[in-house]
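This briefing goes through a few local features of one chain. Please look at the sequence and the structure first; the notes follow below.

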Amino acid sequence: MALENVLAAARQKELAGDLQGALTALEAAPEKERTGAWHYARGAMSVRAGKLDEAVAALELAVQREPEIAEYRSNLGAALLEKVKAGDASVGQKALEQLELAVQWGASLPEVYANLSFARLVGGDAVGALAAADIALRLDEKHVPSLYNRAAALNVLKQYGTCIDTLDQLLKVSPGFPPAVQSRANTLEKMRKI
């Protein structure tokens, strides 16, 4: 079965909500046809299925095969960040490195910069996190993860008023977004104590 057909079949199953079926469909590709795109698809689907170790392994292979594709590196960085969120802080630096490289290779999606912002924040670089979030917001001013990361960076930088403004902007885009509601309350409390 040609790689294009395998990828299309997997995508169809994924869109139908059958992630395991999509992952199984990918296995129909002969070994010699498993390009960077195949490994990228496998990694992206593994992330959605919550199989982070498999996702990272597949995305690393995608990057090895086609290192110049920014989205492959971005997704590898995002998968590594998911591991950080799950408690594995040891991969934070690797996530940051992959996301910095994705930007160098010409990333044009706000998600790349949102992930870079989060990785910089985790790495203790609030100024860099704010800069990455701002780039993402130039690409899409209503990008919720970028607005949230911008607010988080501003909070760390103790720019509470601007943080509240950013959270208000986020809540206009996504009313009731629980992390933003909680962050707004926490930030207002900090401002009261000043």
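Helices α1 and α2 run roughly antiparallel to each other, because an angle over 145 degrees counts as such and theirs is about 175 degrees. The model is predicted, and every value here is computed from it.

**Packing of α1 and α2**

- Helix α1 covers residues 3–15 and helix α2 covers residues 19–26, and their axes lie 7 Å apart.
- On the α1 side, the contact is made by V6, L7, A9, A10, K13 and E14.
- On the α2 side, L19, G21, A22, A25 and L26 take part.
- Sorted by type, the residues of this contact comprise 8 nonpolar, 1 polar and 2 charged.

**Aromatic pairs**

- The model holds 2 aromatic pairs.
- Y40 and Y72 make up a stacked pair, with ring centres 4.8 Å apart and 25 degrees between the planes.
- Because Y40 belongs to helix α3 (residues 36–48) and Y72 to helix α5 (residues 70–85), this pair ties together parts that are 32 residues apart in sequence.
- Y72 is buried, at 7% relative accessibility, whereas Y40 is partly exposed, with a relative accessible area of 26%.
- Y148 and F177 form an edge-to-face pair, because their planes stand at 80 degrees and the cut-off for this class is over 60.
- The ring centres of Y148 and F177 are 6.2 Å apart.

**A charge over a ring**

- K85 places its charged end over the ring of F118, at 5.2 Å from the ring centre.

- R120 is part of helix α7, which spans residues 110–122.
- R120 counts as buried, because its relative accessibility is 17% and the limit for buried is under 20%.
- Which residues are in contact with R120, leaving aside its neighbours within four places in sequence? They are L96, E100, D125, G128, A129, A131 and A132.

How values were computed. Residues are numbered from 1 along each chain as its sequence is written. This is a predicted model: local features need pLDDT of at least 70, side-chain atom pairs count only at pLDDT 80 or more; totals for chains, interfaces and linings use all residues. Side-chain values use heavy atoms; hydrogens and water are left out. Rings of Phe, Tyr and Trp (its six-membered ring) pair if their centres lie within 6.5 Å; planes under 30 degrees apart count as stacked, over 60 as edge-to-face and the rest as tilted. Helices (H or I, at least four residues) and strands (E, at least two) are DSSP runs, numbered from the N terminus. Buried means under 20% relative accessible area, exposed over 50%, partly exposed in between (1.4 Å probe, protein chains only). A charge sits over a ring if NZ of Lys or CZ of Arg is within 6 Å of the ring centre and within 35 degrees of the ring normal. Axes are lines fitted to C-alpha atoms, for helices over the stretch in contact, and angles run from 0 to 180 degrees between N-to-C directions. Angles under 35 degrees count as roughly parallel, over 145 as roughly antiparallel, 65 to 115 as roughly perpendicular and the rest as oblique. Contact means heavy atoms within 4.5 Å. Ala, Val, Leu, Ile, Met, Phe, Trp, Tyr, Cys and Pro count as nonpolar, Asp, Glu, Lys and Arg as charged, and the others, Gly among them, as polar.
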